[in-house]
Structures are given as structure tokens and as C-alpha cells.
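Open the model in your viewer and keep the selection tool ready.

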Amino acid sequence: MRRILVRGALGVPLILILIVALAWVAQRRLIYFPDRGVPQAAAQASDVTLRTADGLRLDAWLIRPPSGTPDLRVSVLVAPGNAGNRHGRLPLGTALAGLGLTVLLLEYRGYGGNPGRPTESGLARDADAACDYLAERVGFPVLYYGESLGAAVVTALAVRRPPVGLVLRSPFADLAAAGREHYPLLPVRQLLRDRFPVLSLIPRVPVPTVVVYGTADRTVPPSQSAAVAGAAPDLRLELPIPGADHNDPSLVAGPHLRSALLPLLPP
């Protein structure tokens with residue numbers, strides 16, 4: 001009996017080591033959930049190509065204000081979350097264009113038929129390529145709009161290349177803080193190769209900022225989004241949506257969108 005107990009006691013740490021090792025190897029499969037298929041063409045969007053510093057050519061969509069809508073001559077770079085592809089952001093892009101904005105729906109490497117594999121450094125290069133495109137081909141002042149993981153992408157981008165305004169939808173404090181909510185038994189902070197800090201970077205972004213999140217978010221704790229809002233040097237609006245979960249339609253492209261953007265739009 002004692003020998004069996006000893007073997008059992010030895011087996012438990014071995015199992016834990018195996019679980020941690022598997023989590024280390026497969027961690028990016030637990031972070032990024034790309035839809036790799038090429039989305040069907042959308043009538044309201046134009047296909048554009050972004051060229052990254054490491055030599056990738058990325059497909060993206062540009063949506064201009066529809067006919068009859070006053071053109072505000074302001075661009076929005078939309079950095080998506082960690083799942084799907086640009087087709088899923090078409091309602092958001094259309095809603096933003098309906099406000100008079102020129103919208104670039106960024107498609108990361110490894111998503112929507114694009115080459116490459118997503119990593120933190122890779123997504124940073126993709127965002128820089130999107131900025132380059134808007135500067136060279138459009139030429140308007142640029143707002144950044146980041147949702148969830150994309151909020152981390154545009155926060156880091158704003159440190160490197162400040163925009164005229166920043167919208168963070170459902171931001172986490174950093175990826176490890178969000179990961180602990182879903183994998184509480186793993187040493188998430190020690191394991192992660194991709195960090196995606198937001199809370200530690202936002203004090204270095206002194207631009208007009210809006211933070212939007214749902215109070216019933218089961219993916220990113222609302223307290224983390226509120227902490228990001230509290231650390232923003234030039235917070236213009238903190239907009240908690242009562243009862244909204246992470247991908248609630250009211251957050252994706254609903255009526256609250258206009259309220260979120262108004263503090264950042266020209267009069």
C-alpha cells in the first residue's frame with residue numbers, strides 16, 4: 001500500500017509537468033483562433049494590400065463613407081480580436097463608415113487567407129503596415145479602434161505612433177491577467193511568450209481615449225477594462241454597457257458605438 005501511495009505521489013507532479021509542457025508548446029493555439037478562409041468580397045469594401053516590414057503582403061478592407069454621408073476626412077484603423085476574420089467585422093466597419101469615417105479593417109497574418117502565423121511581434125508589424133497604408137494612400141488623421149486583443153495591439157501602436165484618438169473595446173490589463181481567468185491552475189504569466197500589455201502602456205498614451213466594455217463580460221473581466229480606463233491620461237469617456245457580454249451585438253456594432261466615438265470626432 002505504501003509503495004502504491006509513493007507511486008501516486010510521484011505521478012501527480014509528473015502529470016502537472018506534462019500539462020505545463022503541453023501548454024507551453026501549444027499556447028498560441030489557445031490564444032489565436034483565426035478563420036483562415038478568404039472572405040467573400042463585400043460590396044461596401046475595397047480590397048487593399050498592406051506590406052509588412054518582414055516582407056508579408058496582407059489583404060485588408062477599406063470602407064469609405066457611403067454616398068450622401070458627410071465625409072469627416074478622418075480614418076479609423078480597426079484592430080480585431082483574436083478570432084474570425086475581417087468578414088465578421090464588416091458590420092462594425094459599415095457602422096463606422098456611416099459616421100463619415102474612412103475605415104481600414106486590418107486583417108492579421110494567418111487570418112482571412114493571409115500568410116504567416118500570428119504572434120505579438122507579428123501583429124505589431126501588421127499594425128505598422130496598416131498605419132503606413134493610411135498615411136501613404138489616404139492621408140487623413142487616424143483614430144485607432146481595438147477590440148479585445150486588438151486593444152492591446154493599438155495601445156502598443158499608439159506608444160510608437162500616436163493617433164488623434166483611441167477607442168479600446170473590452171481591453172484586458174495584459175494577456176496573462178486575462179489568461180488566469182480561464183486557466184487558473186496554470187502558471188500563465190511564467191508560460192506566456194506573447195504578453196500584450198495594456199495597463200502598463202496606457203499611461204504612455206496621452207491622446208483622447210474612450211474605453212467601452214460590457215458589465216457581464218465573461219471573457220475579459222470588466223474590472224480589468226475599468227482599470228485600463230482609470231489609467232488613461234486623457235480619458236474622454238468610460239462607457240460600461242450594462243448586462244453586455246464580450247461579443248454582445250451592442251458592443252460589436254450597436255447603438256452605443258456612436259456614443260463611444262462622438263467624443264473623438266470633429267464637430
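**Before you start**

This is a predicted model, in which local features need pLDDT of at least 70, side-chain atom pairs count only at pLDDT 80 or more, and totals for chains, interfaces and linings use all residues. Residues are numbered from 1 along each chain as its sequence is written, and side-chain values use heavy atoms, with hydrogens and water left out.

**Stop 1: the largest pocket**

Select Leu30, Ile31, Phe33, Asn82 and Leu175. Of the 29 residues lining the largest pocket, these lie nearest its centre. Helix H1 (2-31), helix H5 (175-182) and helix H6 (188-191) each give two or more residues to this lining. The space inside is about 680 Å³. By type, the lining has 16 nonpolar, 10 polar and three charged residues.

A pocket is an open set of points on a 1 Å grid over the protein atoms alone, with protein on both sides within 12 Å along at least five of seven lines; a lining residue has an atom within 4 Å of a point. Volume is the space filled by probe spheres set on the points, which are joined across faces, edges and corners. Helices (H or I, at least four residues) and strands (E, at least two) are DSSP runs, numbered from the N terminus. Ala, Val, Leu, Ile, Met, Phe, Trp, Tyr, Cys and Pro count as nonpolar; Asp, Glu, Lys and Arg as charged; the others, Gly among them, as polar.

**Stop 2: the cavity**

A cavity is a set of points where a 1.4 Å probe fits but cannot get out. How many of 30 Å³ or more does a search of the whole structure find? One. Select its lining: Tyr145, Val167, Arg169, Val212, Ser250, Leu251, His256, Leu257 and Ala260. Helix H9 (256-261) gives the most, with three residues.

**Stop 3: threonine 52**

Go to the loop between strand E2 (46-51) and strand E3 (57-63), where threonine 52 sits. Is threonine 52 buried or exposed? It counts as buried, because its relative accessibility is 8% (buried is under 20% relative accessible area, exposed over 50%, partly exposed in between; 1.4 Å probe, protein chains only). Now show aspartate 54: a polar contact of 2.5 Å joins the two side chains (N or O atoms within 3.5 Å; within protein, one able to donate a hydrogen and the other to accept it; residues adjacent in sequence count only if both atoms are side-chain atoms).

**Stop 4: glutamine 224**

Select glutamine 224 in helix H7 (residues 222-231). Glutamine 224 is buried, at 9% relative accessibility. A polar atom of its side chain lies 3.3 Å from the backbone oxygen of alanine 177.
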